[in-house]
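Here are my notes on the model. Please read them alongside the coordinates.

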Amino acid sequence: MIITEMTKLQTLCEEVKTVKEGEEIGAQLLTELTKSETGIGLAANQIGINKRVCVINVKEPLVLINPRIVERSEKEFIFPEGCLSFPNKHVRTKRNVSVVVETDNHDGKLSFSAENENINDAFECACVQHEIDHLDGITMFDRAITQQPYKAPEKIGRNERVTITDGKETKELKWKKAQPLVESGDWEMSPA
Ligand SMILES: [Zn+2]
């Protein structure tokens, strides 16, 4: 059963005392994750266990016991995220382009980076940050980029050229073409 109550998901998780305890929780998490068709990660508090264990399964199943993010890039990227605790909800979040993670069950450090072209690397990088956030009682909504309710500038001509961005791509268009995109909420006005 996946926990969907926000108040329970805001609970801070405690470290597990042993790797064995962490592995047992990790196995339960992978079983639960396998049941979902779309999930790529799950944290212990999402199944009611308030311990610092999470799993991700993008390229391969990975159990993280007492994970700590020890380095974060300053550079961030915008990513569309979902969460098994909030079915059918999606938000755009800002995540670090790369992070380095230490755990109790992997030797050395694990590096995750969305810097290259492989979309799976971006998914894995956003996912590991999303899951470790869960262990700190943080959900994707806390990381969401808030979209300001849009109000059209008053003195903008229909044929005036404006620059808009969706966070990845930037376009210069006549306002009459740009307006519907901006009002959809997916694009925003960008300082040219
Ligand atoms: Zn989640």
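This is a predicted model: local features need pLDDT of at least 70, side-chain atom pairs count only at pLDDT 80 or more; totals for chains, interfaces and linings use all residues.

1. Three strands make up an open sheet, ordered E4-E7-E8, with antiparallel pairing. The edge positions go to strand E4 (68-72) and strand E8 (110-113). Each has a single partner strand, so one side of each lacks a neighbour in the sheet. From one strand to the next, the twist averages 25°.

2. The E4 and E7 pairing. Strand E7 covers residues 98-102 and runs antiparallel to E4. Four bridges join the two. Within E7, Val101 is the bridge partner of Ile69.

3. The helix on the sheet. Helix H3 spans residues 119-135 and packs on the sheet. Helix H3 touches E4, E7 and E8. The direction of H3 makes about 115° with that of E8.

4. The zinc site. Which atoms coordinate the zinc ion? They are SG of Cys83, NE2 of His130 and NE2 of His134, at 2.0 to 2.2 Å. Along the chain, the donors of the zinc ion follow the spacing C-x46-H-x3-H. Water is not among the atoms, so the site may look incomplete.

5. What the site connects. Cys83 and His130 link distant parts of the chain, 47 residues apart. Cys83 lies in the loop between strand E5 (76-81) and strand E6 (91-96).

6. Burial at the site. Are Cys83 and His130 buried or exposed? Both Cys83 and His130 are buried. For these two residues, that means under 20% relative accessible area, computed on protein chains only.

Terms used. Residues are numbered from 1 along each chain as its sequence is written. Side-chain values use heavy atoms; hydrogens and water are left out. Two strands pair if DSSP finds at least two bridges between them. Axes are lines fitted to C-alpha atoms, for helices over the stretch in contact, and angles run from 0 to 180 degrees between N-to-C directions. Contact means heavy atoms within 4.5 Å. Donors are N, O and S atoms within 2.8 Å of the metal (3.2 Å for Na, K and Ca); water is not among the atoms, so sites may look incomplete. Buried means under 20% relative accessible area, exposed over 50%, partly exposed in between (1.4 Å probe, protein chains only).
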